[in-house]
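Here's a short tour of the model shown below. Have a look at it first, and then we'll walk through some of its details.

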Amino acid sequence: MTTTRGNADWIDCIRCGGTGEHVECIDDICHAKGHCMHGDNCCVLCEGLGRITTELATRWRQRDSFEGVTAPAPDLRARGKLHAAAREVHEDHERSLQEADF
């Protein structure tokens, strides 16, 4: 389901299905149980929120196998990482703070 908030369209996380939990552990026993016994159940894509922007979903799908992605400003803002969102805007001089959805 897609919802719009600010300048971004939000969907359920494509990695965890919107639960915020995904077994990120490399231990095969954890994968077999469906949860990590080491405490690493937080989805790395949405960082436990269960929602991501469609822009982040597109970046995730287009990446190479072992390549990371940089979350766009609305995702960073939702995670409480305003300093990272501000840095992203600062590095792109053509974008304004309005476009960054602050």
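## Salt bridges

Count a salt bridge whenever a side-chain nitrogen of Lys or Arg sits within 4 Å of a carboxyl oxygen of Asp or Glu, and you get two of them here. One pairs Arg-51 with Asp-12, with the closest N and O atoms 2.9 Å apart. Arg-51 belongs to strand β3 and Asp-12 to strand β2 (residues 8–12), so this pair ties together parts that are 39 residues apart in sequence. Arg-51 is partly exposed at 23% relative accessible area, and Asp-12 is partly exposed too, at 35%. (Buried means under 20% relative accessible area, exposed means over 50%, and partly exposed is in between, using a 1.4 Å probe and protein chains only.)

The other salt bridge links Glu-55 and Arg-59, whose closest N and O atoms are 2.6 Å apart. Both residues lie in helix α2, four residues apart, or about one turn of the helix. Glu-55 is partly exposed, with a relative accessible area of 39%, and Arg-59 is partly exposed at 27%.

## What you're looking at

This is a predicted model, where local features need pLDDT of at least 70, side-chain atom pairs count only at pLDDT 80 or more, and totals for chains, interfaces and linings use all residues. Residues are numbered from 1 along each chain as its sequence is written, and side-chain values use heavy atoms, with hydrogens and water left out.

The predictor's confidence in each residue, pLDDT, runs from 0 to 100. The protein chain averages 78, and 73% of the residues score at least 70. Over residues 97–102 the pLDDT is below 50, though beyond near neighbours in sequence this stretch still has 19 contacts in the model. (Contact means heavy atoms within 4.5 Å.)

## The overall layout

The protein chain has four helices and three strands, and along the sequence they follow the pattern β-β-α-β-α-α-α. These elements are DSSP runs numbered from the N terminus: helices are H or I with at least four residues, and strands are E with at least two. Of the 102 residues in the chain, 33% are buried. Take the contacts between residues at least 6 apart in sequence, and 43% of them join residues at least 24 apart.

## The nonpolar core

Which residues make up the largest nonpolar core? There are 12: Ile-11, Cys-13, Cys-16, Cys-43, Leu-45, Cys-46, Ile-52, Leu-56, Ala-57, Trp-60, Ala-71 and Leu-76. The largest share, three residues, comes from helix α2 (residues 54–62). (A nonpolar core is a set of buried Ala, Val, Leu, Ile, Met, Phe, Trp, Tyr and Cys residues joined through side-chain atoms within 4.5 Å.)

Setting aside residues up to four places away in sequence, Ala-57 touches Ile-11, Ile-14 and Ile-52.

## Two residues to look up

Asp-75 sits in helix α3 (residues 73–78). Is Asp-75 buried or exposed? At 1% relative accessibility, Asp-75 counts as buried. Apart from neighbours within four places in sequence, Asp-75 is in contact with Trp-10, Arg-51, Ile-52, Thr-53 and Leu-56.

Now find Glu-47, in the loop between α1 (28–33) and β3 (51–53). Glu-47 isn't a glycine, yet has a positive phi of about 55 degrees. Glu-47 is partly exposed, with a relative accessible area of 34%.
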